[in-house]
Amino acid sequence: MMHSPLTLVIGNKTYSSWSLRPWLFLKQMGVEFQEIRVPLYADSSATLIQSYSPSGKVPVLLDGELKIWDSLAICEYVNEKYLNHAGLPENIAVRAVARSICAEMHSGFMGLRTELNMNCRRKIPGLEFSHLAKQDIARIGEIWRVCRQQYGQAGEWLFGEFSIADAMFAPVAFRFAGYGVTVGDVEQQYINSLLALPAMQQWQQDACQETEVLPQFER
Ligand SMILES: N[C@@H](CCC(=O)N[C@@H](CS)C(=O)NCC(=O)O)C(=O)O
């Protein structure tokens with residue numbers, strides 16, 4: 001059997017939302033890869049991650065000698081090199097919208113990230129969130145509604161077919177489910193689609209097998 005040249009180095013599946021994004025994109029698009037898991041914030045983590053990743057962060061994709069770090073850069077690279085661009089909408093204007101929401105996710109939503117950190121192992125509904133986090137939740141709902149309604153007719157994803165944009169927003173599905181965030185029908189249907197993916201279920205099952213507990217993400 002021929003080994004795939006690709007290796008994706010990821011963090012703990014329980015906590016590492018940045019790792020989930022390219023992992024899901026590769027799985028969903030049928031790109032084969034080996035996986036190396038480096039548990040985060042342990043004594044040897046920094047040295048080990050640095051040996052793979054120039055940024056000292058995961059995820060990082062190894063393609064032979066080439067290292068591609070950062071979730072979005074990995075998805076874009078795989079899309080160009082292995083998918084003949086099938087991972088983004090074909091139409092240039094729609095593709096620009098898809099890239100805009102990927103960038104918005106990648107560089108924003110600080111309230112959501114800090115107060116609703118991803119933790120695939122637990123459910124804690126009923127928390128009170130700050131105004132900032134509520135604004136983020138509302139904005140994500142708006143993005144999903146607009147995309148589903150304007151560009152999503154061809155399927156169940158933000159742009160119809162599964163794309164990088166869905167991978168970038170996938171951790172939000174675990175977050176909203178875990179924190180019991182109430183959303184509208186369109187958004188809930190989209191969350192259900194994400195949570196029903198075999199790859200998402202596999203990620204969560206793997207997370208539940210992990211033994212590390214990082215108190216900073218368990219408040
Ligand atoms: N912008 C980066 C963020 C990567 C990131 O923050 N990774 C975290 C784990 S989710 C990490 O490696 N933390 C380890 C550390 O900072 O020592 C991306 O999109 O990949």
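1. Ligand shell. In this predicted model, helix H1 (17–28) and helix H3 (71–82) each contribute at least two residues to the shell around the ligand. The shell holds 13 residues, and those that come nearest are Ser16, Trp18, Lys57, Asp70 and Ser71. Sorted by class, six residues of the shell are nonpolar, five are polar and two are charged.

2. Helix H1. Of the 12 residues in H1, 10 are buried, so the rest of the structure largely encloses this helix. The buried residues run through Trp18, Ser19, Leu20, Arg21, Pro22, Trp23, Leu24, Phe25, Leu26 and Lys27. Trp18 is also among the residues that come nearest to the ligand. The cover over the buried residues of H1 includes strand S1 (6–10), S3, H3, H7 and H9. From its first C-alpha to its last, H1 reaches 16 Å, close to the 16 Å expected at 1.5 Å a residue. Just after the helix, Gly30 has a positive phi of about 75°.

3. Helix H9. This helix covers residues 198–209, and its end C-alpha atoms lie 17 Å apart, which agrees with the 16 Å that 12 residues should span at 1.5 Å a residue. Met200, Trp203 and Ala207 are its buried residues. Viewed down the axis of H9, the buried residues fall within an arc of 60°, so they line one face of the helix. The face turned away from that buried side carries exposed residues, namely Pro198, Gln201, Gln205, Cys208 and Gln209. H1, helix H7 (164–179) and helix H8 (185–196) are included in what covers the buried residues of H9.

4. Strands S3 and S4. S3 (residues 60–63) and S4 (residues 66–69) run antiparallel and are joined by four bridges. The loop between helix H2 (45–52) and S3 contains Pro59. A cis peptide bond, with omega about 5°, joins Val58 to Pro59. Such a bond deserves a look, because most peptide bonds are trans.

5. The loop between H3 and H4. Leu83 lies in the loop that leads from H3 to helix H4 (92–107). It counts as partly exposed because 17 C-beta neighbours are inside 10 Å. Leaving out residues up to four places away in sequence, Leu83 touches Met29 and Val78. The C-alpha atoms of Leu83 and Arg148 are separated by 23 Å, and the two residues are 65 apart along the chain. Asn84 also has its place in the loop between H3 and H4. With 8 C-beta neighbours inside 10 Å, where 12 or fewer is the limit, Asn84 counts as exposed.

6. Most residues other than glycine have a negative phi. Where does Asn84 stand on this, positive or negative? Its phi is positive, near 50°. Phe109 is a second case to check, with a positive phi near 60°. Phe109 sits in the loop between H4 and helix H5 (110–115). Is Phe109 buried or exposed? Phe109 is buried, because 20 other C-beta atoms lie within 10 Å.

How values were computed. Residues numbered from 1 in each chain as written. Predicted model: local features only at pLDDT ≥ 70, side-chain atom pairs only at ≥ 80, totals over all residues. Pairing = 2+ DSSP bridges. Near = placed C-beta within 6 Å. Nonpolar A, V, L, I, M, F, W, Y, C, P; charged D, E, K, R; others polar. Expected span 1.5 Å × (residues − 1). Arc of directions from axis to C-beta. Contact = placed C-beta atoms within 7 Å.
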